[in-house]
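Colleague: Hi! I'm new to this one, could you walk me through a few spots?
Modeller: Happy to, let's bring it up.

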Amino acid sequence: MHPVKRLLRVINPHRKHCLNRCLTSKASENEEVKIQKEQNIMINYYDKITTIGISRPEKKNCLNTVTAQELSEELDKFDNDENSVVAVLHGVGGNFCSGYDLEEIAQYNGKNEEILPQFGSLVNKGNRIELSKKPLIAAIDGYALGVGFELALMCDLRVMEESAMLGFVNRRFGIPILSGGTVRLPALIGYSRAMDLILTGRIIGAKEAFSWGLINRYTCEGTALGDALILAKSLVKFSQKTLLADRASARFATFSAKQLEEALQFEKDHASHLLFEEGVKGAKRFITEGIGKHGKFLDITKANTEFRELDKNLL
């Protein structure tokens with residue numbers, strides 16, 4: 001007999017009821033946690049296309065450690081799925097990915113390093129050159145900021161809604177770029193334009209991004225995922241062996257021939273420590289004082305109640 005059932009036979013009815021309720025509550029809690037974990041990343045299949053959706057809409061799809069790890073696992077599953085030849089990465093609820101969860105970073109107390117996002121190992125797997133061995137299309141709506149911008153850069157193709165926004169706004173909080181953004185962006189659009197975005201942290205819209213060659217399509221609001229699926233569908237009909245060979249050749253010519261791995265390691269070695277020294281302070285100012293909220297870059301070095309009140313009136 002199960003130990004719990006044996007226990008229920010010898011305790012009084014009142015305690016039996018309480019224990020049953022406790023066990024039921026615990027089971028429900030575990031099931032809720034399981035469901036919540038599964039909902040961080042949403043997977044759907046359309047013919048030979050896989051859609052991978054980041055689903056933390058209450059946080060504008062910003063990544064925390066758990067969600068980033070789940071995303072990495074789902075991308076691995078896609079790589080090994082013989083029935084899927086192309087994937088579309090998107091956000092659920094109106095935003096692609098607004099960056100990393102500053103609330104998680106702000107919890108760092110100088111010792112608990114395990115709670116901090118290890119960007120390289122989570123979404124970029126150390127010096128892994130690509131998110132996937134097969135074509136990956138980003139369907140960008142709302143915010144694609146910080147590490148969300150970097151996720152879009154790691155994709156092969158990008159479809160962006162006219163109202164969407166790209167940028168390294170993590171510049172406001174002293175959080176370095178750690179998922180290959182400083183390497184991939186110059187390769188895609190050139191050093192000069194890349195430095196405009198990297199140094200200023202300014203936000204760029206779809207039309208400017210298209211004119212720079214940063215995105216492949218821009219479309220009406222609410223249609224990025226649909227248009228990305230149409231683009232994905234256009235790839236399904238081709239010989240996949242040839243397509244993958246040509247893709248690999250283009251990537252080698254663009255990145256590996258220029259020693260991308262060395263560049264990624266340089267980025268990591270020279271910026272990772274700044275997440276602790278500067279990024280944690282910036283995240284805490286955002287969480288506790290609201291400094292840098294609503295995309296504002298003004299007065300990010302000290303608190304200014306009057307300015308924050310103006311922010312509230314404007315937004």
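Colleague: Where is the place of Gly180?
Modeller: Gly180 sits in the loop between strand E7 (165–167) and helix H7 (181–189). Keep in mind that this is a predicted model.

Colleague: Is Gly180 buried or exposed?
Modeller: Gly180 is buried, because its relative accessibility is 0%, and the cut-off for buried is under 20%.

Colleague: Let's switch to strands. Why is strand E6 largely enclosed by the rest of the structure?
Modeller: E6 covers residues 157–161, and four of its five residues are buried, so the rest of the structure largely encloses it.

Colleague: Which strands pair with E6?
Modeller: Strand E4 (residues 136–140) pairs with E6 in the parallel sense, over four bridges. Strand E8 (residues 217–219) also pairs with E6 in the parallel sense, over three bridges.

Colleague: Which residues are bridge partners there?
Modeller: Ile137 has Leu157 in E6 as its bridge partner, while Val159 has Arg217 in E8.

Colleague: Now helices. What does helix H3 reach from its first C-alpha to its last?
Modeller: H3 (residues 65–79) has 15 residues and reaches 21 Å, close to the 21 Å expected at 1.5 Å a residue.

Colleague: Which residues of H3 are buried?
Modeller: Among them are Thr67, Ala68, Leu71, Leu75 and Phe78. The buried residues of H3 also include Glu70, Glu74 and Asp79.

Definitions and conventions. Residues are numbered from 1 along each chain as its sequence is written. This is a predicted model: local features need pLDDT of at least 70, side-chain atom pairs count only at pLDDT 80 or more; totals for chains, interfaces and linings use all residues. Side-chain values use heavy atoms; hydrogens and water are left out. Buried means under 20% relative accessible area, exposed over 50%, partly exposed in between (1.4 Å probe, protein chains only). Helices (H or I, at least four residues) and strands (E, at least two) are DSSP runs, numbered from the N terminus. Two strands pair if DSSP finds at least two bridges between them. The expected span of a helix is 1.5 Å times one less than its number of residues.
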